[in-house]
Amino acid sequence: MWQSLPVPSVIVGEGDLILEINPAAESFLNASAKSLRGVPVLDKLAIDAPLEEAFERVRRDTSPMFINNVDVSGGNAAPIQCNIQIAPMQGDSGAILLLMEPRQIADRLGRSHQVKKSARSAIGMAEMLAHEIKNPLAGITGAAQLLSMNLAPEDLELTDLIVAESRRIVALLEQVEQFGNLRPPAKSAVNVHDLIDRARKSAQVSYGAAMTFVEEFDPSLPPTFVDGDQILQIFLNLFKNASEAAGREGGTIRIRTFYDISLRLRRADGSGAALPLQVEIIDDGPGLPPEISSDIFEPFVSGRENGTGLGLALVSKIISDHEGWISVESVPGKTVFRLSLPVAPRVA
């Protein structure tokens, strides 16, 4: 049972020294059980909670304690929000059991169910206001262009500003309106590497000209079952975000594909859906601002000064419509977006 526990688990003895850890904890700490036995647990785990007081209380009261939603990191990895359980070991007055349940997947899945509701709010606002706003904007833009014909060169800057800002507002409204596309994805068997290649070529001749693309593909991957145009839009969006984060100096975008059978999602009808096709897009930019990293897929949340906060919300909506999954891990110097997609069904 100890070897089979799916959550990182540590037995802590007197002096808060590690007595034993299970395989899940070895993976979490990126170290073997042999190398960790006898090491102070707080030397290997960084937990945003007063663990010493918690250990003392559990030993004194011989009763379990639960600490929810705390950041835990180990093995030089980025912090992950976990629920922690601490309990006394039966038959050993000094030993306690520490269980850490990462909430990353559960929270991300919960947010994926909420993103449609959030997007619908944006849809309702856009549908109500888009028509009323676009018509006056078209008139303003046309009037400014007519005025510019009779202005001196030193005054053209003002009319150019009116035209540019009017077009920016129209582009914003059109981006919000994309959420209103309730048409189900036109799914077909698609080679995901072909979509990535098309997106890379498009990026390299425009916003990603200063970026270096590194491909680490698994050529044995079977076709995925998606709407190719919509998934292409996701790759274009992620490449653009990485390029803009890198700035003029440029950087590296590493694209990795592989097969992983560990992730399954439950559909609304109760059936299970395997998502074994994995695509990781990794950049070496500054990373996501910590204060918005947990909400980056929500509408109107952006880390850029002039960002609309709709690009990644649209990405999340597309993935949700495909019954797929997207996650992000970000620290300064490394941001990883991971897409999990289904395999195309076999045709008899």
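Helix H8 passes helix H9 in a left-handed crossing, meaning that the near helix is turned anticlockwise from the far one by less than a right angle. The side chains doing the touching (contact is heavy atoms within 4.5 Å) include Ile231, Ile234 and Leu238 of H8, along with Leu312, Val315 and Ile319 of H9. Keep in mind that this is a predicted model, where local features need pLDDT of at least 70, side-chain atom pairs count only at pLDDT 80 or more, and totals for chains, interfaces and linings use all residues. Residues are numbered from 1 along each chain as its sequence is written, and side-chain values use heavy atoms, with hydrogens and water left out.

Back to the two helices. The axes of H8 and H9 come within 10 Å and cross at roughly 150°. H8 and H9 are therefore roughly antiparallel, a label for angles over 145 degrees.

H9 itself spans residues 311-321 and is mostly covered, with 10 of its 11 residues buried; buried means under 20% relative accessible area with a 1.4 Å probe, protein chains only. Lys317 is one of those buried residues. After H9 comes Glu323, with a positive phi near 60°.

H8 has another link to look at. Phe239 pairs edge-to-face with Phe213, at 5.4 Å centre to centre and 80° between the planes (ring centres within 6.5 Å make a pair, and planes over 60 degrees apart make it edge-to-face). Phe213 sits in strand E8 (residues 212-216) and Phe239 in H8 (residues 228-246), so the pair ties together parts 26 residues apart in sequence. Both Phe213 and Phe239 are buried.

Technical notes:
Phe/Tyr/Trp six-rings, centres within 6.5 Å; stacked < 30°, edge-to-face > 60°. Helix = DSSP H or I, 4+ residues; strand = E, 2+ residues; numbered from the N terminus. Buried < 20%, exposed > 50% of the residue type's maximum accessible area, 1.4 Å probe, protein only. Axes fitted to C-alpha atoms, helices over the stretch in contact; angles between N-to-C directions. Parallel < 35°, antiparallel > 145°, perpendicular 65-115°, else oblique.
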